[in-house]
Amino acid sequence: MPRPPARRRDRHGRGLRGRLVPPGVPLSRSRSEQFDDLVLDAVEDIERNWEKELAGVEFAVEDVPWVDHSSPDEVVLDADVLDDGSVPLARVLPGRREGGVDHPPRIVVYRRPLEIRAHDPEDLADLVRDVVVDQVAVLLGRDPEEIDPTG
């Protein structure tokens with residue numbers, strides 16, 4: 001006689017469980033989402049004073065910098081890259097026209113190198129703000145102290 005199909009349950013027979021933390025609570029956000037919030041906060045603070053100059057600028061977050069491995073012996077960083085011991089932390093990509101399409105200027109912040117350098121969440125927030133300020137200063141051709149006098 002054939003066996004009845006086995007019912008799938010967790011080990012205590014309660015079935016599937018829901019989320020441990022309700023959505024909208026800070027604990028429910030991933031590290032990358034929290035990092036995005038830090039960058040957004042820094043950009044919003046800077047845009048209050050530099051709204052006109054930053055009107056067309058895009059801000060992006062990438063996990064790690066892309067490296068061209070075609071020449072692994074030497075990693076050459078462009079002048080538009082903010083680095084720490086040859087590890088890029090952020091990059092300014094100036095606006096350009098390519099194939100009849102305008103590409104706006106872009107500031108890219110690299111999440112993992114910054115997280116590794118930070119000692120705690122408060123240190124990470126300060127580091128993100130400093131990096132964003134430095135990159136905005138490079139893009140606008142100004143001193144970082146002029147962009148953020150409090151920093």
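Select Asp102 and Arg97 to begin: both residues are exposed, meaning over 50% relative accessible area, where under 20% is buried and anything in between is partly exposed (1.4 Å probe, protein chains only). Asp102 and Arg97 form a salt bridge, with their closest N and O atoms 2.6 Å apart. The term stands for a side-chain nitrogen of Lys or Arg within 4 Å of a carboxyl oxygen of Asp or Glu. Side chains of opposite charge can pair when their charged atoms come close.

A word on what is on your screen: this is a predicted model, in which local features need pLDDT of at least 70 and side-chain atom pairs count only at pLDDT 80 or more, while totals for chains, interfaces and linings use all residues. Residues are numbered from 1 along each chain as its sequence is written, and side-chain values use heavy atoms, with hydrogens and water left out.

**Zoom out to the whole chain**

Switch to a cartoon view. The protein chain has 4 helices and 6 strands, and from the N terminus its elements follow the order α-β-β-β-β-β-β-α-α-α. Helices (H or I, at least four residues) and strands (E, at least two) are DSSP runs, numbered from the N terminus. Of the chain's 151 residues, 23% count as buried.

**Next stop: helix H1**

The structure holds 11 salt bridges, and one of them pairs Asp45 with Arg48, whose closest N and O atoms are 2.7 Å apart. Asp45 and Arg48 are 3 residues apart in helix H1, so about one helical turn separates them. Color the two by accessibility: Asp45 is partly exposed at 29%, whereas Arg48 is exposed at 62%.

**From helix H1 across to helix H2**

Now select Arg31 and Glu115. Their salt bridge has its closest N and O atoms 3.4 Å apart. Arg31 lies in helix H1 (residues 31-50) and Glu115 in helix H2, so this pair ties together parts that are 84 residues apart in sequence. Arg31 is exposed, with 53% relative accessibility, while Glu115 is buried, with 14%.

Stay in helix H2 (residues 111-117) and click on Arg111, which is part of this helix. Arg111 is buried, at a relative accessible area of 9%. Its side chain makes a polar contact of 2.9 Å with the side chain of Asp63. Such a contact is a pair of N or O atoms within 3.5 Å; within protein, one must be able to donate a hydrogen and the other to accept it, and residues adjacent in sequence count only if both atoms are side-chain atoms.

**Last stop: helix H3**

Select Asp126, which sits in helix H3 (residues 121-140). Asp126 is partly exposed, with 44% relative accessible area.

Val133 is buried, at 5% relative accessibility.
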